[in-house]
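Please look over the following model together with its sequence before reading the notes on its aromatic residues, its core and one of its sheets.

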Amino acid sequence: MAAFTWLGLGDGVWDDATNWENGQLPGPLTASDDVVIDVDGDITTTHRTGNTVIQSLTSSKDFVLAGGALTAETINIDSKFTVNGGLLIGALVDLTGGSIEFTSNVNNRLDGAVLQGDIVLADSN
């Protein structure tokens, strides 16, 4: 099992290795990585591409699933989790202290995910 810590030194996107403490992306295909996003400041992390398989994601900051696929056993978000065009697979999503928003993007998908917490369905009108 490997721990991946977000530094956010790059452009805010998941797929930029400079945003990660060890200079490597979590996953992409091993389900043993634990990801932590807990930095100072008002930041948003965006997963926009690729097929990422991790053990867990814990974030105290806003997180956007804008593309690609994210597979995880557990996700804990203490801020806002926005699904805007991505696929979330198999995760138990705990939103204690946070919320999840689904935009009207036709590419939003859930596959076997369980959501616990406040859910917002956003209309583009």
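Is W6 buried or exposed? With a relative accessible area of 2%, W6 is buried, where buried means under 20% relative accessible area, exposed over 50% and partly exposed in between, for a 1.4 Å probe and protein chains only. The model is a predicted one, in which local features need pLDDT of at least 70 and side-chain atom pairs count only at pLDDT 80 or more, whereas totals for chains, interfaces and linings use all residues. Residues are numbered from 1 along each chain as its sequence is written, and side-chain values use heavy atoms, with hydrogens and water left out.

**Aromatic pairs**

A search of the whole structure finds four aromatic pairs, a pair being rings of Phe, Tyr and Trp (its six-membered ring) whose centres lie within 6.5 Å, with planes under 30 degrees apart counted as stacked, over 60 as edge-to-face and the rest as tilted. Two of them are set out here.

| Pair | Centre distance | Plane angle | Class |
|---|---|---|---|
| W6 and W20 | 5.0 Å | 85° | edge-to-face |
| W14 and W20 | 5.1 Å | 75° | edge-to-face |

W6 and W20 both lie in the loop between β1 (2-5) and β2, so their pair ties together parts that are 14 residues apart in sequence; strands here are DSSP runs (E, at least two residues), numbered from the N terminus. W20 is buried, with a relative accessible area of 2%, and W14 is buried too. One aromatic cluster is formed by W6, W14, W20, F63 and F81.

**Core**

The largest nonpolar core has 24 residues, and those that touch the most other members are V35, L57, F63, L70, I75, F81 and L88; such a core is a set of buried Ala, Val, Leu, Ile, Met, Phe, Trp, Tyr and Cys residues joined through side-chain atoms within 4.5 Å. Its largest share, four residues, comes from β11. Leaving out residues up to four places away in sequence, L57 touches W14, V35, I37, F63, L70, T74, I75, N76 and I77, contact meaning heavy atoms within 4.5 Å.

**Parallel sheet**

Four strands form an open sheet in the order β4-β7-β10-β12, with parallel pairing, and two strands pair if DSSP finds at least two bridges between them. Its edge strands are β4 (51-53) and β12, each of which pairs on one side only. Strand β10 (residues 87-89) is joined to β12 by three bridges, and L88 has L110 as its bridge partner in β12.
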